[in-house]
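Subject: Structure handover

Hello,

Here is the structure for your files, followed by notes on what was found in it. Please read the notes with the model open.

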Amino acid sequence: NELRESYCQFCLRNSKPTIIQNALDDPEASQALPAKHGITRYAGAPLKAPDGRTIGTFCIMDSKSDEPLDAADLVFLTLIGVRLGAEVERMRRLRSLERDLSATSEELEQVRERAIENEKLALVGTMSASIAHDIRNIVSALTLEIDMGLGRPAETLSAVRPHLDRFRVLSHRLLSYARPSGSAKEPVDVAETLDRVISLLRGQLSLSH
């Protein structure tokens, strides 16, 4: 029942409530598709959006042309049409709001994912710089110990071993990043820790007096 074949075309054309008591008495209305199927009585009211736009019609159609419709029936239809028009517009705005919220939610999720990715990249950069710094220090210390220990292989080996231990600790740290595990607290001998640091820096301290 397309608009050009319906009774609603007359209601929309008039842009006001419309009654067709018997379509067979109207040459134009009698050509409408409902009239050809015996649906001869029509009453309709335009549905208006709050801004005044016509968005459709609210109507009744039947074959009871022998039962007259009057102004009270049109008022009733118009009141229902006003309520329906407002509800249709409210639902349209609600769907539009839902689409906007959905789009905003997707954008926020994309921003969150980018932020997480950027944070991961920043962490990788920081870790890489830290590891490169540690490796450079260990290699520098090893080179220094070897250069200073030429002709004293036993002492050089003893001096190099702590730096190799530092490599072992560094590799353990890298593995712990890949396979994080729970941390454990235990007592530490501060004096022993300081002695180890001094031992590791002995060569550099000696050269720098």
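**Salt bridges**

The count comes to nine salt bridges, a salt bridge being a side-chain nitrogen of Lys or Arg within 4 Å of a carboxyl oxygen of Asp or Glu. This is a predicted model, in which local features need pLDDT of at least 70 and side-chain atom pairs count only at pLDDT 80 or more, while totals for chains, interfaces and linings use all residues. Residues are numbered from 1 along each chain as its sequence is written, and side-chain values use heavy atoms, with hydrogens and water left out.

One of the bridges joins E89 to R53, with 3.6 Å between the closest N and O atoms. This pair links distant parts of the chain, 36 residues apart: E89 sits in helix α3, and R53 in the loop between β2 and β3 (54-62). Helices (H or I, at least four residues) and strands (E, at least two) are DSSP runs, numbered from the N terminus. E89 is buried at 4% relative accessibility, whereas R53, at 39%, is partly exposed. Here buried means under 20% relative accessible area, exposed means over 50%, and partly exposed is in between (1.4 Å probe, protein chains only).

E89 also forms a salt bridge with R93, where the closest N and O atoms are 3.3 Å apart. Both residues lie in α3, four residues apart, about one turn of the helix. R93 is exposed, with a relative accessible area of 51%.

Another bridge pairs E109 with R112, at 2.8 Å between the closest N and O atoms. These two are also in α3, three residues apart, about one turn of the helix. Both are partly exposed: E109 has a relative accessible area of 32%, and R112 is at 44%. Elsewhere, salt bridges that share partners join R53, E89, R92 and R93 into one network.

**Helix α3**

Helix α3 covers residues 71-148, 78 residues in total. At 1.5 Å a residue it should span 116 Å, and its end C-alpha atoms are 114 Å apart, which agrees; the expected span is 1.5 Å times one less than the number of residues. Buried positions in α3 include L74, L77, G81, G85, I131, D134 and I138. At the start of the helix, a side-chain oxygen of D70 comes to within 3.1 Å of the backbone nitrogen of A72.

**Cysteines**

How many disulfides does the structure hold? There are zero, counting a disulfide as a pair of cysteine sulfur atoms within 2.5 Å. C11 is in no disulfide, and its nearest cysteine sulfur, that of C8, is 6.4 Å away. C11 is buried, at 0% relative accessibility. The sulfur of C59 lies 3.9 Å from the closest cysteine sulfur, in C8, which is too far for a bond. C59 counts as partly exposed, at 25%.

**Other points**

T40 is in the loop between α2 (33-36) and β2 (41-48), and is buried at 8% relative accessible area. Its side chain makes a polar contact of 2.5 Å with that of S65. A polar contact is a pair of N or O atoms within 3.5 Å; within protein, one must be able to donate a hydrogen and the other to accept it, and residues adjacent in sequence count only if both atoms are side-chain atoms.

Q31 lies in the loop between β1 (18-20) and α2, and is exposed, with a relative accessible area of 53%.

Regards
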